[in-house]
Amino acid sequence: MPRRLISTGSPFEKTAGYSRAVIDGDFAFVAGTTGYDYTTMVIPADVTSQARNCFRNIEAALKEGGFAMADIVRATYYITDLADADAFFAVCGETFGEIRPATTLLVVAGLYKPEMKVEIEVTAKRRST
């Protein structure tokens, strides 16, 4: 199976030369995804809404590649304010439930744009049927 590139059409993808996701065999690698609504290119002000947008965008990229959220085995979270951690984790819990991928949280000084409060990247492995 050849490598396949998934794009959301975000202008960041073209400018920075990356894909939203790369599908390679039974693996999907989803790039760091921020909380923008890619249809409007608007980002909400709060971390909860940004996190939900991240997961919606990740789910759409996975679906386009033939994967589901249940296929996620690894997630890395970046947040810019430790005070947002509990609200952020609540969204993670509602999203992942019993999927429970291996995760890492990093609190960083900042992301590419100051309005970005969270960025999430995931790796998924297609489950055998």
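This is a predicted model: local features need pLDDT of at least 70, side-chain atom pairs count only at pLDDT 80 or more; totals for chains, interfaces and linings use all residues.
User: Is proline 114 buried or exposed?
Analyst: Proline 114 lies in the loop between β5 (102-107) and β6 (118-125). Strands here are DSSP runs of E with at least two residues, helices are runs of H or I with at least four, and both are numbered from the N terminus. Buried means under 20% relative accessible area, exposed means over 50%, and partly exposed is in between (1.4 Å probe, protein chains only). At 79% relative accessibility, proline 114 is exposed.

User: Why is the pair of phenylalanine 27 and phenylalanine 29 given its class?
Analyst: A pair of aromatic rings is described by the distance of the centres and the angle of the planes. Rings of Phe, Tyr and Trp (its six-membered ring) pair if their centres lie within 6.5 Å; planes under 30 degrees apart are stacked, over 60 edge-to-face, and the rest tilted. The structure holds 4 aromatic pairs. In this one the centres are 6.0 Å apart and the planes are at 20°, so the pair of phenylalanine 27 and phenylalanine 29 is stacked.

User: Which helices hold phenylalanine 55 and phenylalanine 96?
Analyst: These two residues form an edge-to-face pair, 5.3 Å centre to centre with 85° between the planes. Both phenylalanine 55 and phenylalanine 96 are buried. The pair links distant parts of the chain, 41 residues apart: phenylalanine 55 is in α2 (residues 47-64) and phenylalanine 96 is in α3 (residues 85-96).

User: Why do the buried residues of α3 lie on the same side?
Analyst: In α3, Ala85, Phe88, Val91, Cys92 and Phe96 are buried. The arc is that of the directions from the helix axis to the C-beta atoms. These residues lie on the same side of α3 because they cover an arc of only 125°.

User: What is the bridge partner of valine 22 in β3?
Analyst: Two strands pair if DSSP finds at least two bridges between them. Strand β2 (residues 21-24) and strand β3 (residues 27-34) run antiparallel, joined by 4 bridges. They form a hairpin with 2 residues between them, and glycine 25 in the turn has a positive phi of about 65°. In β3, the partner of valine 22 is phenylalanine 29.

User: Which residue in β6 stands opposite alanine 28?
Analyst: β3 and β6 run antiparallel. They are joined by 6 bridges. Opposite alanine 28 stands alanine 124.

User: Which residues does aspartate 71 touch?
Analyst: Aspartate 71 lies in the loop between α2 and β4. At 8% relative accessibility, aspartate 71 counts as buried. Contact means heavy atoms within 4.5 Å. Not counting residues up to four places away in sequence, aspartate 71 touches Thr123, Ala124, Lys125, Arg126 and Arg127.

User: Which residue lies over the face of phenylalanine 67?
Analyst: A charge sits over a ring if NZ of Lys or CZ of Arg is within 6 Å of the ring centre and within 35 degrees of the ring normal. Here the distance from the ring centre is 4.0 Å. The residue over phenylalanine 67 is arginine 126.

Conventions: Residues are numbered from 1 along each chain as its sequence is written. Side-chain values use heavy atoms; hydrogens and water are left out.
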